[in-house]
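Dear colleague,

Please find below the sequence and the structure that I am handing over to you. A description of what was found follows directly after them.

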Amino acid sequence: MYQTIHEPIWVVGIYKNAQFIPKKFKWKDQELYISEITLSNNVKDGAILKRWYSVIAENNLYRIEFNRTSEQWQLLEIWVE
Amino acid sequence: MEKTILHVDINSYFATMLQQENPALRGVPVGVVKDAGRTCLIATSKEAKLQGVSTGFRKKDALQICPNIICVPASFERYLDTTKRLQKVFASISPSIYIYSLDEAFIDITDCRKHLYPDVHLLGKNIQEHIKNELGSWVTCNVGIANNRLMAKMASEVAPKGDIIEVTSKNKEALLASTPFKDVCGIGYGLSKKLALYNVYYPYQIRFIPEDELLALVGPFWATELQKIAYGEEPHGLSQLDREQPHMKSVGRSITGYRLYSDPTEIKHILRNLSLEIIEKVRTMHLAGRHISIGLYGQADSWSTHITLQSPTNHVFELLTQVDKLYDQWDHSFKVIKFSVRLSLLHPQQQDQLLPAWQKLESVQKALDTINSKYGRFTAHPAAVPAQKDLIHPEVTGFLGDRLYQLSTE
Ligand SMILES: [Mg+2]
(Lines give C-alpha, C1' and ligand atoms only; values in the text may rest on other atoms or scores of the structure.)
Protein backbone atom coordinates (compact mmCIF):
# COMPACT_ATOMS: atom_id res chain seq x y z
CA MET A 1 0.00 0.00 0.00
CA TYR A 2 0.99 3.59 -0.43
CA GLN A 3 2.11 5.32 2.72
CA THR A 4 1.57 9.06 2.82
CA ILE A 5 4.70 11.13 3.56
CA HIS A 6 4.27 14.71 2.27
CA GLU A 7 7.74 15.93 3.23
CA PRO A 8 10.09 18.24 1.33
CA ILE A 9 12.93 16.68 -0.65
CA TRP A 10 15.95 18.00 -2.55
CA VAL A 11 16.32 16.85 -6.13
CA VAL A 12 19.20 16.63 -8.60
CA GLY A 13 18.54 15.89 -12.25
CA ILE A 14 19.32 16.67 -15.85
CA TYR A 15 17.51 18.30 -18.74
CA LYS A 16 17.18 16.15 -21.83
CA ASN A 17 15.10 17.04 -24.89
CA ALA A 18 13.58 19.95 -23.00
CA GLN A 19 12.45 17.62 -20.22
CA PHE A 20 13.64 17.46 -16.66
CA ILE A 21 14.74 14.02 -15.55
CA PRO A 22 15.24 13.58 -11.80
CA LYS A 23 18.33 11.47 -11.04
CA LYS A 24 18.60 11.49 -7.27
CA PHE A 25 16.92 13.02 -4.28
CA LYS A 26 17.65 13.69 -0.66
CA TRP A 27 15.00 12.89 1.88
CA LYS A 28 15.81 13.50 5.54
CA ASP A 29 19.44 12.33 5.61
CA GLN A 30 19.27 9.74 2.87
CA GLU A 31 20.48 10.25 -0.68
CA LEU A 32 18.49 8.06 -3.02
CA TYR A 33 19.55 7.33 -6.60
CA ILE A 34 16.76 7.01 -9.14
CA SER A 35 17.17 4.02 -11.42
CA GLU A 36 13.90 4.33 -13.31
CA ILE A 37 11.00 6.70 -13.83
CA THR A 38 8.03 4.42 -14.33
CA LEU A 39 5.42 7.11 -14.95
CA SER A 40 5.24 10.87 -15.02
CA ASN A 41 2.15 13.02 -15.29
CA ASN A 42 1.21 16.65 -15.52
CA VAL A 43 -1.60 17.37 -13.13
CA LYS A 44 -3.50 20.48 -12.35
CA ASP A 45 -5.03 21.80 -9.17
CA GLY A 46 -6.87 24.98 -10.02
CA ALA A 47 -4.24 27.04 -11.77
CA ILE A 48 -1.40 25.26 -10.00
CA LEU A 49 0.53 22.98 -12.28
CA LYS A 50 2.29 20.03 -10.81
CA ARG A 51 4.40 17.27 -12.23
CA TRP A 52 4.23 13.87 -10.63
CA TYR A 53 6.99 11.33 -11.03
CA SER A 54 6.83 7.75 -9.90
CA VAL A 55 10.43 6.67 -9.44
CA ILE A 56 12.34 3.61 -8.39
CA ALA A 57 15.26 4.19 -6.08
CA GLU A 58 17.06 1.38 -4.32
CA ASN A 59 14.25 -1.02 -5.26
CA ASN A 60 11.56 1.09 -3.65
CA LEU A 61 8.85 3.04 -5.40
CA TYR A 62 8.45 6.72 -4.52
CA ARG A 63 5.81 9.17 -5.70
CA ILE A 64 7.41 12.60 -5.87
CA GLU A 65 5.92 15.94 -6.89
CA PHE A 66 7.26 19.11 -8.39
CA ASN A 67 5.02 22.11 -7.79
CA ARG A 68 5.57 24.27 -10.85
CA THR A 69 4.23 27.38 -9.14
CA SER A 70 6.21 27.28 -5.91
CA GLU A 71 9.06 25.31 -7.57
CA GLN A 72 9.20 23.01 -4.59
CA TRP A 73 9.71 19.28 -4.46
CA GLN A 74 7.84 16.94 -2.16
CA LEU A 75 7.89 13.25 -1.42
CA LEU A 76 4.22 12.34 -1.55
CA GLU A 77 4.08 8.60 -0.93
CA ILE A 78 6.14 5.45 -0.61
CA TRP A 79 5.04 1.96 -1.59
CA VAL A 80 5.35 -0.47 1.30
CA GLU A 81 4.60 -4.18 0.88
CA MET B 1 -16.31 3.93 -50.51
CA GLU B 2 -16.07 1.22 -47.89
CA LYS B 3 -14.96 2.61 -44.57
CA THR B 4 -12.07 1.50 -42.42
CA ILE B 5 -12.52 2.03 -38.71
CA LEU B 6 -10.11 1.11 -35.94
CA HIS B 7 -11.22 0.65 -32.37
CA VAL B 8 -8.37 0.96 -29.89
CA ASP B 9 -8.94 -0.03 -26.29
CA ILE B 10 -6.36 -0.10 -23.50
CA ASN B 11 -6.50 -3.38 -21.58
CA SER B 12 -7.73 -2.92 -18.00
CA TYR B 13 -6.81 0.76 -18.15
CA PHE B 14 -7.01 1.84 -14.48
CA ALA B 15 -5.23 -1.25 -13.17
CA THR B 16 -2.69 -1.33 -16.00
CA MET B 17 -1.59 2.25 -15.33
CA LEU B 18 -1.10 1.41 -11.65
CA GLN B 19 0.99 -1.60 -12.70
CA GLN B 20 3.00 0.51 -15.13
CA GLU B 21 3.74 2.89 -12.31
CA ASN B 22 4.63 0.24 -9.75
CA PRO B 23 6.57 -2.90 -10.77
CA ALA B 24 5.48 -4.60 -7.51
CA LEU B 25 1.96 -4.71 -8.93
CA ARG B 26 2.88 -6.17 -12.33
CA GLY B 27 1.79 -9.73 -12.97
CA VAL B 28 -0.27 -9.91 -9.80
CA PRO B 29 -4.01 -9.50 -9.34
CA VAL B 30 -4.83 -5.85 -8.65
CA GLY B 31 -8.15 -4.39 -7.60
CA VAL B 32 -8.70 -0.67 -8.00
CA VAL B 33 -10.74 1.14 -5.36
CA LYS B 34 -11.96 4.72 -5.58
CA ASP B 35 -10.18 5.83 -2.41
CA ALA B 36 -8.29 4.31 0.47
CA GLY B 37 -10.84 2.71 2.76
CA ARG B 38 -13.35 1.98 0.00
CA THR B 39 -14.47 -1.58 -0.48
CA CYS B 40 -15.94 -1.66 -3.98
CA LEU B 41 -13.61 -2.54 -6.86
CA ILE B 42 -14.08 -0.06 -9.70
CA ALA B 43 -11.61 -1.92 -11.94
CA THR B 44 -9.40 -5.00 -11.87
CA SER B 45 -6.19 -6.09 -13.57
CA LYS B 46 -6.12 -8.84 -16.17
CA GLU B 47 -4.56 -11.19 -13.59
CA ALA B 48 -7.52 -10.59 -11.27
CA LYS B 49 -9.98 -11.12 -14.13
CA LEU B 50 -8.34 -14.47 -14.89
CA GLN B 51 -9.16 -15.54 -11.35
CA GLY B 52 -12.75 -14.42 -11.76
CA VAL B 53 -12.60 -11.07 -9.98
CA SER B 54 -14.14 -8.29 -12.02
CA THR B 55 -15.38 -4.73 -11.67
CA GLY B 56 -18.07 -4.26 -9.03
CA PHE B 57 -16.76 -6.94 -6.66
CA ARG B 58 -16.58 -6.16 -2.95
CA LYS B 59 -13.07 -6.31 -1.57
CA LYS B 60 -13.91 -9.07 0.88
CA ASP B 61 -15.54 -11.25 -1.80
CA ALA B 62 -12.54 -10.67 -4.05
CA LEU B 63 -10.18 -11.78 -1.26
CA GLN B 64 -12.11 -15.03 -0.89
CA ILE B 65 -11.51 -16.20 -4.44
CA CYS B 66 -8.24 -14.38 -4.90
CA PRO B 67 -6.40 -14.10 -1.57
CA ASN B 68 -3.32 -12.46 -3.11
CA ILE B 69 -5.23 -9.57 -4.69
CA ILE B 70 -3.75 -6.15 -3.88
CA CYS B 71 -6.20 -3.26 -3.64
CA VAL B 72 -4.89 0.15 -4.62
CA PRO B 73 -6.69 3.52 -4.75
CA ALA B 74 -7.30 4.93 -8.23
CA SER B 75 -5.37 7.98 -9.33
CA PHE B 76 -7.87 9.96 -11.38
CA GLU B 77 -5.63 12.97 -11.99
CA ARG B 78 -3.11 10.66 -13.62
CA TYR B 79 -5.75 8.96 -15.77
CA LEU B 80 -6.87 12.34 -17.04
CA ASP B 81 -3.30 13.16 -18.06
CA THR B 82 -2.69 9.76 -19.66
CA THR B 83 -6.00 10.03 -21.51
CA LYS B 84 -4.92 13.39 -22.93
CA ARG B 85 -1.69 11.79 -24.11
CA LEU B 86 -3.62 8.89 -25.65
CA GLN B 87 -5.79 11.41 -27.44
CA LYS B 88 -2.65 12.91 -29.00
CA VAL B 89 -1.53 9.48 -30.17
CA PHE B 90 -4.91 8.88 -31.80
CA ALA B 91 -4.99 12.34 -33.37
CA SER B 92 -1.60 11.73 -34.95
CA ILE B 93 -3.03 8.83 -36.95
CA SER B 94 -6.07 10.43 -38.52
CA PRO B 95 -7.96 13.70 -38.23
CA SER B 96 -11.13 11.74 -37.75
CA ILE B 97 -11.22 10.28 -34.24
CA TYR B 98 -13.91 9.79 -31.68
CA ILE B 99 -12.88 9.41 -28.04
CA TYR B 100 -15.42 6.92 -26.76
CA SER B 101 -14.30 6.63 -23.15
CA LEU B 102 -11.20 7.39 -21.09
CA ASP B 103 -9.26 4.56 -22.68
CA GLU B 104 -10.87 3.83 -26.02
CA ALA B 105 -11.37 5.57 -29.32
CA PHE B 106 -12.65 5.02 -32.81
CA ILE B 107 -10.21 6.09 -35.52
CA ASP B 108 -11.59 6.51 -39.02
CA ILE B 109 -8.82 6.00 -41.59
CA THR B 110 -11.09 5.69 -44.63
CA ASP B 111 -9.62 8.75 -46.33
CA CYS B 112 -5.98 8.08 -45.57
CA ARG B 113 -5.80 4.30 -45.78
CA LYS B 114 -4.80 4.03 -49.42
CA HIS B 115 -1.80 6.33 -49.22
CA LEU B 116 -0.72 6.21 -45.60
CA TYR B 117 -1.81 2.87 -44.24
CA PRO B 118 -2.04 0.24 -46.97
CA ASP B 119 -1.26 -2.43 -44.36
CA VAL B 120 -3.79 -1.95 -41.55
CA HIS B 121 -2.37 -4.75 -39.45
CA LEU B 122 0.98 -2.98 -39.44
CA LEU B 123 -0.79 0.24 -38.49
CA GLY B 124 -2.34 -1.60 -35.54
CA LYS B 125 1.10 -2.76 -34.43
CA ASN B 126 2.49 0.77 -34.79
CA ILE B 127 -0.32 2.16 -32.64
CA GLN B 128 0.46 -0.42 -29.96
CA GLU B 129 4.15 0.56 -30.06
CA HIS B 130 3.32 4.26 -30.02
CA ILE B 131 1.17 3.81 -26.91
CA LYS B 132 3.92 1.84 -25.15
CA ASN B 133 6.39 4.63 -25.92
CA GLU B 134 4.01 7.25 -24.63
CA LEU B 135 2.59 5.57 -21.51
CA GLY B 136 5.06 2.79 -20.72
CA SER B 137 6.07 -0.67 -21.81
CA TRP B 138 3.57 -2.44 -19.57
CA VAL B 139 0.61 -0.82 -21.30
CA THR B 140 -1.08 -2.99 -23.89
CA CYS B 141 -4.13 -2.39 -26.04
CA ASN B 142 -6.46 -4.25 -28.34
CA VAL B 143 -7.12 -3.06 -31.84
CA GLY B 144 -10.21 -4.02 -33.80
CA ILE B 145 -10.43 -3.16 -37.48
CA ALA B 146 -13.61 -3.28 -39.55
CA ASN B 147 -15.76 -1.36 -41.99
CA ASN B 148 -17.91 0.08 -39.21
CA ARG B 149 -17.75 0.92 -35.51
CA LEU B 150 -19.97 -1.94 -34.35
CA MET B 151 -17.69 -4.61 -35.79
CA ALA B 152 -14.43 -2.79 -34.96
CA LYS B 153 -15.44 -2.59 -31.31
CA MET B 154 -16.73 -6.16 -31.27
CA ALA B 155 -13.39 -7.35 -32.66
CA SER B 156 -11.34 -5.49 -30.07
CA GLU B 157 -13.63 -6.70 -27.26
CA VAL B 158 -13.11 -10.36 -28.10
CA ALA B 159 -9.45 -10.17 -29.15
CA PRO B 160 -6.97 -11.71 -26.71
CA LYS B 161 -5.21 -9.05 -24.59
CA GLY B 162 -2.80 -7.02 -26.67
CA ASP B 163 -3.99 -8.45 -29.99
CA ILE B 164 -5.17 -7.04 -33.30
CA ILE B 165 -8.19 -8.45 -35.12
CA GLU B 166 -9.35 -7.38 -38.54
CA VAL B 167 -12.91 -8.23 -39.49
CA THR B 168 -13.15 -9.57 -43.03
CA SER B 169 -15.87 -11.32 -45.01
CA LYS B 170 -14.22 -14.56 -43.89
CA ASN B 171 -14.52 -14.11 -40.12
CA LYS B 172 -17.44 -11.70 -39.82
CA GLU B 173 -20.23 -14.28 -39.51
CA ALA B 174 -18.21 -16.35 -37.07
CA LEU B 175 -17.67 -13.26 -34.92
CA LEU B 176 -21.40 -12.47 -34.98
CA ALA B 177 -22.19 -16.04 -34.03
CA SER B 178 -19.76 -16.25 -31.12
CA THR B 179 -19.68 -12.85 -29.42
CA PRO B 180 -21.89 -12.77 -26.34
CA PHE B 181 -24.13 -9.72 -25.95
CA LYS B 182 -22.08 -8.32 -23.07
CA ASP B 183 -19.34 -7.65 -25.65
CA VAL B 184 -21.69 -6.13 -28.22
CA CYS B 185 -21.88 -2.35 -28.16
CA GLY B 186 -25.46 -1.14 -27.84
CA ILE B 187 -27.02 -4.23 -26.32
CA GLY B 188 -27.53 -3.57 -22.65
CA TYR B 189 -28.30 -5.94 -19.84
CA GLY B 190 -32.08 -5.49 -20.04
CA LEU B 191 -32.19 -6.18 -23.74
CA SER B 192 -29.98 -9.25 -23.45
CA LYS B 193 -32.32 -10.63 -20.74
CA LYS B 194 -35.29 -10.30 -23.09
CA LEU B 195 -33.43 -12.02 -25.89
CA ALA B 196 -32.42 -14.81 -23.54
CA LEU B 197 -36.13 -15.67 -23.29
CA TYR B 198 -35.80 -16.79 -26.91
CA ASN B 199 -32.52 -18.58 -26.18
CA VAL B 200 -30.79 -15.89 -28.19
CA TYR B 201 -27.34 -15.15 -26.83
CA TYR B 202 -25.39 -14.03 -29.91
CA PRO B 203 -26.09 -11.39 -32.58
CA TYR B 204 -26.26 -13.94 -35.39
CA GLN B 205 -29.18 -15.75 -33.71
CA ILE B 206 -31.35 -12.62 -33.89
CA ARG B 207 -31.78 -13.33 -37.61
CA PHE B 208 -33.96 -16.29 -36.73
CA ILE B 209 -36.49 -14.50 -34.53
CA PRO B 210 -39.61 -13.86 -36.66
CA GLU B 211 -39.94 -10.16 -37.37
CA ASP B 212 -43.34 -9.71 -35.70
CA GLU B 213 -42.17 -11.47 -32.55
CA LEU B 214 -39.06 -9.30 -32.33
CA LEU B 215 -41.26 -6.25 -32.73
CA ALA B 216 -43.57 -7.41 -29.95
CA LEU B 217 -40.62 -8.23 -27.72
CA VAL B 218 -38.57 -5.03 -27.97
CA GLY B 219 -40.65 -2.46 -29.85
CA PRO B 220 -39.98 -0.83 -33.23
CA PHE B 221 -36.79 1.12 -32.35
CA TRP B 222 -34.88 -1.80 -30.89
CA ALA B 223 -36.23 -4.24 -33.48
CA THR B 224 -34.57 -2.18 -36.22
CA GLU B 225 -31.38 -1.77 -34.19
CA LEU B 226 -31.18 -5.49 -33.47
CA GLN B 227 -31.77 -6.40 -37.12
CA LYS B 228 -28.78 -4.25 -38.05
CA ILE B 229 -26.60 -5.71 -35.31
CA ALA B 230 -27.58 -9.24 -36.38
CA TYR B 231 -26.02 -8.59 -39.78
CA GLY B 232 -23.03 -6.66 -38.45
CA GLU B 233 -24.27 -3.28 -39.59
CA GLU B 234 -23.80 -0.15 -37.54
CA PRO B 235 -26.86 0.59 -35.39
CA HIS B 236 -28.30 4.07 -35.04
CA GLY B 237 -26.79 4.51 -31.57
CA LEU B 238 -23.26 4.28 -32.97
CA SER B 239 -23.94 6.23 -36.19
CA GLN B 240 -25.09 9.07 -33.96
CA LEU B 241 -21.47 9.58 -32.89
CA ASP B 242 -20.83 11.41 -36.15
CA ARG B 243 -23.16 14.15 -35.04
CA GLU B 244 -21.96 17.05 -33.00
CA GLN B 245 -22.45 16.24 -29.34
CA PRO B 246 -25.17 18.35 -27.73
CA HIS B 247 -24.22 19.80 -24.39
CA MET B 248 -25.00 17.78 -21.30
CA LYS B 249 -28.56 17.88 -20.06
CA SER B 250 -27.65 17.41 -16.43
CA VAL B 251 -24.76 17.30 -14.03
CA GLY B 252 -24.93 15.05 -11.01
CA ARG B 253 -22.60 14.00 -8.27
CA SER B 254 -22.99 11.12 -5.91
CA ILE B 255 -20.85 9.52 -3.28
CA THR B 256 -21.07 6.42 -1.15
CA GLY B 257 -19.94 6.94 2.39
CA TYR B 258 -17.53 4.82 4.40
CA ARG B 259 -20.24 4.12 6.97
CA LEU B 260 -23.87 4.87 7.75
CA TYR B 261 -24.68 8.50 8.53
CA SER B 262 -27.49 9.76 10.72
CA ASP B 263 -26.20 13.12 11.96
CA PRO B 264 -28.12 15.83 10.02
CA THR B 265 -25.10 18.17 10.12
CA GLU B 266 -22.88 15.55 8.52
CA ILE B 267 -25.45 14.66 5.90
CA LYS B 268 -25.97 18.32 5.02
CA HIS B 269 -22.21 18.83 4.71
CA ILE B 270 -21.91 15.99 2.28
CA LEU B 271 -24.80 17.27 0.16
CA ARG B 272 -23.19 20.71 0.15
CA ASN B 273 -19.84 19.30 -0.97
CA LEU B 274 -21.57 17.62 -3.87
CA SER B 275 -23.39 20.86 -4.71
CA LEU B 276 -20.09 22.73 -4.80
CA GLU B 277 -18.65 20.29 -7.28
CA ILE B 278 -21.71 20.60 -9.47
CA ILE B 279 -21.44 24.39 -9.53
CA GLU B 280 -17.75 24.24 -10.36
CA LYS B 281 -18.52 21.98 -13.27
CA VAL B 282 -21.55 23.75 -14.75
CA ARG B 283 -19.72 27.06 -14.57
CA THR B 284 -16.74 25.65 -16.42
CA MET B 285 -19.14 24.43 -19.08
CA HIS B 286 -20.97 27.79 -19.18
CA LEU B 287 -24.27 26.17 -18.33
CA ALA B 288 -26.99 26.89 -15.81
CA GLY B 289 -29.76 24.60 -14.62
CA ARG B 290 -33.34 24.88 -13.45
CA HIS B 291 -34.08 21.52 -11.88
CA ILE B 292 -32.47 20.42 -8.63
CA SER B 293 -32.84 16.99 -7.12
CA ILE B 294 -31.31 15.28 -4.13
CA GLY B 295 -31.33 11.63 -3.17
CA LEU B 296 -30.47 9.76 0.00
CA TYR B 297 -30.00 6.00 0.05
CA GLY B 298 -29.91 3.70 3.02
CA GLN B 299 -29.28 -0.01 3.13
CA ALA B 300 -32.85 -0.84 2.18
CA ASP B 301 -34.58 2.53 1.84
CA SER B 302 -34.19 5.54 -0.32
CA TRP B 303 -35.68 8.99 -0.53
CA SER B 304 -35.49 11.73 -3.09
CA THR B 305 -37.10 15.01 -3.90
CA HIS B 306 -36.69 17.84 -6.35
CA ILE B 307 -37.61 21.39 -7.23
CA THR B 308 -37.87 23.29 -10.49
CA LEU B 309 -36.77 26.91 -10.37
CA GLN B 310 -38.23 29.81 -12.35
CA SER B 311 -34.92 30.65 -13.92
CA PRO B 312 -31.70 28.67 -14.36
CA THR B 313 -28.93 29.02 -11.80
CA ASN B 314 -25.24 28.32 -11.57
CA HIS B 315 -24.64 30.16 -8.34
CA VAL B 316 -23.36 28.23 -5.38
CA PHE B 317 -25.34 30.13 -2.74
CA GLU B 318 -28.59 29.57 -4.56
CA LEU B 319 -27.92 25.88 -5.05
CA LEU B 320 -26.90 25.43 -1.41
CA THR B 321 -30.04 27.19 -0.21
CA GLN B 322 -32.27 25.02 -2.41
CA VAL B 323 -30.49 21.82 -1.43
CA ASP B 324 -30.89 22.71 2.24
CA LYS B 325 -34.59 23.36 1.70
CA LEU B 326 -35.03 20.05 -0.06
CA TYR B 327 -33.14 18.26 2.68
CA ASP B 328 -35.40 19.80 5.33
CA GLN B 329 -38.33 17.91 3.79
CA TRP B 330 -36.77 14.59 4.77
CA ASP B 331 -38.16 12.67 7.76
CA HIS B 332 -34.82 11.07 8.82
CA SER B 333 -36.40 7.63 8.80
CA PHE B 334 -33.23 5.72 7.89
CA LYS B 335 -29.45 5.88 8.09
CA VAL B 336 -27.76 7.07 4.93
CA ILE B 337 -24.94 5.41 3.01
CA LYS B 338 -25.20 7.06 -0.42
CA PHE B 339 -25.86 10.71 -1.30
CA SER B 340 -26.65 12.37 -4.59
CA VAL B 341 -27.32 15.83 -5.94
CA ARG B 342 -28.23 16.66 -9.53
CA LEU B 343 -28.74 19.88 -11.43
CA SER B 344 -30.65 19.37 -14.65
CA LEU B 345 -32.62 21.17 -17.34
CA LEU B 346 -29.31 22.74 -18.23
CA HIS B 347 -29.16 25.53 -20.75
CA PRO B 348 -26.26 27.50 -22.12
CA GLN B 349 -25.69 30.38 -19.75
CA GLN B 350 -27.92 33.28 -20.75
CA GLN B 351 -26.73 36.80 -21.07
CA ASP B 352 -26.36 38.53 -17.77
CA GLN B 353 -29.63 39.23 -16.05
CA LEU B 354 -30.49 42.72 -14.97
CA LEU B 355 -31.94 41.93 -11.54
CA PRO B 356 -29.79 43.50 -8.81
CA ALA B 357 -30.07 40.38 -6.61
CA TRP B 358 -28.85 38.20 -9.47
CA GLN B 359 -26.00 40.56 -10.23
CA LYS B 360 -24.87 40.48 -6.63
CA LEU B 361 -24.79 36.68 -6.61
CA GLU B 362 -22.95 36.65 -9.90
CA SER B 363 -20.24 39.02 -8.70
CA VAL B 364 -19.69 36.98 -5.54
CA GLN B 365 -19.58 33.80 -7.61
CA LYS B 366 -17.10 35.33 -10.05
CA ALA B 367 -14.83 36.25 -7.14
CA LEU B 368 -15.05 32.66 -5.86
CA ASP B 369 -14.27 31.31 -9.32
CA THR B 370 -11.20 33.52 -9.57
CA ILE B 371 -9.83 32.53 -6.20
CA ASN B 372 -10.47 28.85 -6.79
CA SER B 373 -8.90 28.81 -10.21
CA LYS B 374 -5.86 30.64 -8.98
CA TYR B 375 -5.18 28.86 -5.73
CA GLY B 376 -6.61 25.41 -6.28
CA ARG B 377 -10.00 23.85 -6.31
CA PHE B 378 -12.24 24.81 -3.44
CA THR B 379 -9.77 27.11 -1.71
CA ALA B 380 -12.57 29.57 -1.20
CA HIS B 381 -15.93 28.23 -0.21
CA PRO B 382 -19.06 29.41 1.51
CA ALA B 383 -18.89 29.24 5.28
CA ALA B 384 -21.59 26.57 5.25
CA VAL B 385 -19.26 24.12 3.55
CA PRO B 386 -16.42 22.47 5.48
CA ALA B 387 -12.80 23.25 4.61
CA GLN B 388 -10.81 21.62 1.87
CA LYS B 389 -9.55 18.48 3.52
CA ASP B 390 -13.06 17.17 4.00
CA LEU B 391 -14.14 17.93 0.48
CA ILE B 392 -14.66 15.27 -2.07
CA HIS B 393 -12.76 16.03 -5.22
CA PRO B 394 -14.29 15.73 -8.65
CA GLU B 395 -13.76 12.38 -10.22
CA VAL B 396 -13.13 11.34 -13.75
CA THR B 397 -16.05 9.33 -15.02
CA GLY B 398 -15.39 6.31 -17.19
CA PHE B 399 -17.76 7.27 -19.92
CA LEU B 400 -16.74 10.86 -20.47
CA GLY B 401 -20.31 12.09 -20.24
CA ASP B 402 -18.58 15.32 -19.39
CA ARG B 403 -15.82 14.97 -21.94
CA LEU B 404 -15.78 18.67 -22.74
CA TYR B 405 -15.17 19.55 -19.14
CA GLN B 406 -12.63 16.84 -18.48
CA LEU B 407 -10.49 17.21 -21.57
CA SER B 408 -10.66 20.85 -22.45
CA THR B 409 -9.06 22.30 -19.35
CA GLU B 410 -5.66 22.95 -20.97
MG1 LIG C 1 -10.29 -0.80 -21.88
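This is a predicted model: local features need pLDDT of at least 70, side-chain atom pairs count only at pLDDT 80 or more; totals for chains, interfaces and linings use all residues.

I begin with a helix of chain B. The buried residues of H7(B) are Arg149(B), Leu150(B), Met151(B), Ala152(B), Lys153(B), Met154(B), Ala155(B) and Ser156(B), where buried means under 20% relative accessible area, exposed over 50% and partly exposed in between, with a 1.4 Å probe and protein chains only. Helices (H or I, at least four residues) and strands (E, at least two) are DSSP runs, numbered from the N terminus.

Residues are numbered from 1 along each chain as its sequence is written, chains are lettered from A and ligands numbered from 1 in the order in which they are written, and side-chain values use heavy atoms, with hydrogens and water left out.

Helix packing in chain B

The axes of helix H1(B) (residues 13-21) and helix H4(B) (residues 76-91) come within 11 Å and cross at roughly 100°; axes are lines fitted to C-alpha atoms, for helices over the stretch in contact, and angles run from 0 to 180 degrees between N-to-C directions. H1(B) is therefore roughly perpendicular to H4(B), a term for angles of 65 to 115 degrees, while those under 35 count as roughly parallel, those over 145 as roughly antiparallel and the rest as oblique. H1(B) contributes Tyr13(B), Phe14(B), Met17(B), Leu18(B) and Glu21(B) to the contact, and H4(B) contributes Phe76(B), Arg78(B), Tyr79(B), Thr82(B), Thr83(B) and Leu86(B); contact means heavy atoms within 4.5 Å. By class, 7 nonpolar, 2 polar and 2 charged residues take part.

Sheets of chain B

Three strands of chain B form an open sheet in the order E3-E2-E4, with mixed pairing; two strands pair if DSSP finds at least two bridges between them. Its edge strands, each pairing on one side only, are E3(B) (41-44) and E4(B) (70-73). On average, neighbouring strands of this sheet are turned by 35° against each other, direction ignored. E2(B) (residues 30-33) and E3(B) run antiparallel and are joined by 3 bridges, with Gly31(B) opposite Thr44(B). H1(B) packs on this sheet, touching E2, E3 and E4 of chain B, and its direction makes about 110° with that of E2(B).

Strand E6(B) (residues 104-108) has 5 of its 5 residues buried. Glu104(B), Phe106(B) and Asp108(B) point one way from this strand, and Ala105(B) and Ile107(B) the other way. E6(B) pairs with E1(B) (residues 5-10) in the antiparallel sense over 5 bridges, and Val8(B) stands opposite Ala105(B). E5(B) (residues 97-101) is also antiparallel to E6(B), through 4 bridges, and Ile97(B) has Ile107(B) as its bridge partner. The hairpin from E5(B) to E6(B) passes through 2 residues.

Strands of chain A

Strand E6(A) (residues 60-67) is largely enclosed by the rest of the structure, because 7 of its 8 residues are buried. E5(A) (residues 48-57) pairs with E6(A) in the antiparallel sense over 8 bridges, and Tyr53(A) stands opposite Ile64(A). Their hairpin has 2 residues between the strands, and Glu58(A) takes a positive phi near 45° in it. E6(A) also pairs with E7(A) (residues 72-79), antiparallel over 6 bridges, where Phe66(A) stands opposite Trp73(A). This second hairpin has 4 residues between E6(A) and E7(A), and Glu71(A) in the turn has a positive phi of about 55°.

Two loop residues

Most residues other than glycine have a negative phi. Asn17(A), however, has a positive phi near 50°; this residue lies in the loop between strands E2 (10-16) and E3 (19-27) of chain A and is exposed, at a relative accessible area of 70%. Asn199(B) likewise has a positive phi, of about 55°. Its place is the loop between helices H9 (189-196) and H10 (211-230) of chain B, and Asn199(B) is exposed at 52% relative accessibility.

With kind regards

Conventions:
Ala, Val, Leu, Ile, Met, Phe, Trp, Tyr, Cys and Pro count as nonpolar, Asp, Glu, Lys and Arg as charged, and the others, Gly among them, as polar.
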